[in-house]
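Please examine the sequence and the structure shown here before reading the report.

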Amino acid sequence: KYSQNLALKDFDEDKILQKVLENKKLTKKTQISIHWFYKIAAILVLFMGITYFMVNKISTKTYITDNISTETFFLPDSSKVVLNTNSEVKYKSFNWQNNRNLTLKGMAYFHVSKGNKFVVSTDLGRVSVMGTQFVVKSQNNNFKVICYEGKVKVNYRDKETILTKGMKVDFENGTQTIAFAKEVNPYEKDSLLVFKDEKLDNILS
């Protein structure tokens, strides 16, 4: 009899029903919150994917030449590029003024407008400048840089070389050679390039 009275006393049907209803409301709110969380996450992922595509795909510009033609074009900052035969230049036009980086395969002449650091990256080395005129060649095991105006910094493996106007550096199979030229530029109109103690086939190669 005592246990029966205790059970009846402890059992409150209204309170239990209220708790069940409250738990259902909390469960429903939790489900709605999770649903919105996944929606927001999906939107963010989509936005980042579109942004990545815009920056890395649509904004990427590529110039390629065959074995009989050259191409002259201008970068977004009006820097001039003369792309030699069998060569390729690739860069991102997005935010170019603050990120003037491009990749080169083959040989090209650059007349760089003044501005932030300008970097030419190749498989063999890298050239960094501010505003200058220079040539970069990166083919097979030969990495060559000629400075016609200003100053350029050349990085090849663990070596760093600073070139000023009229200087040329040549890395052939890891061997470095520096030569000097007069202040002329064969890529600009009515100019003449003169090398001292340089073989003709090396200059034309």
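## Basis of the report

The structure is a predicted model. The values given in the following sections were computed from that predicted model.

## Nonpolar cores

The largest nonpolar core contains 28 residues, and Phe110, Phe118, Val127 and Phe134 touch the most other members. Strand S5 gives the most to this core, with 4 residues. Apart from this core lies another, of 6 residues, among them Val82, Tyr109, Val135 and Tyr148.

Val127 illustrates the contacts within this part of the model. Leaving aside residues up to four places away in sequence, Val127 touches Phe118, Val119 and Val120, together with Phe134, Val136, Phe143 and Val145, and also Val152, Lys153 and Val154.

## Aromatic residues

A search of the whole structure finds 10 aromatic pairs. In one of them, the ring centres of Phe110 and Phe134 are 5.2 Å apart and the ring planes are at 25 degrees; the pair is therefore stacked, because planes under 30 degrees apart count as stacked. The pair links distant parts of the chain: Phe110 belongs to strand S5 (residues 100–111) and Phe134 to strand S8 (residues 133–139), 24 residues apart.

Phe110 has 1% relative accessibility and so counts as buried. Phe134, at 0% relative accessibility, likewise counts as buried. Phe110 and Phe134 also belong to one aromatic cluster, which they form with Tyr91, Trp96 and Phe118.

## Ser128: a buried position

Ser128 lies in strand S7, which covers residues 125–129. The relative accessibility of Ser128 is 7%, so Ser128 counts as buried; the cut-off for a buried residue is under 20%.

When residues up to four places away in sequence are not counted, Ser128 touches Lys117, Phe118 and Val119, as well as Val152 and Lys153. Phe118, one of these contacts, is also a member of the aromatic cluster.

## Lys151: an exposed position

Lys151 is found in strand S10 (residues 151–156). With a relative accessibility of 52%, Lys151 counts as exposed, because the cut-off for that class is over 50%.

Lys151 touches Val129 and Thr132, and also Ile162, Leu163 and Thr164, again not counting residues up to four places away in sequence. A further distance concerns Gly166: the C-alpha atoms of Lys151 and Gly166 are separated by 9.7 Å, and the two residues are 15 residues apart along the chain.

How values were computed: Residues numbered from 1 in each chain as written. Predicted model: local features only at pLDDT ≥ 70, side-chain atom pairs only at ≥ 80, totals over all residues. Heavy atoms only, no water. Helix = DSSP H or I, 4+ residues; strand = E, 2+ residues; numbered from the N terminus. Buried < 20%, exposed > 50% of the residue type's maximum accessible area, 1.4 Å probe, protein only. Contact = heavy atoms within 4.5 Å. Phe/Tyr/Trp six-rings, centres within 6.5 Å; stacked < 30°, edge-to-face > 60°. Core = buried A, V, L, I, M, F, W, Y, C linked by side-chain atoms within 4.5 Å.
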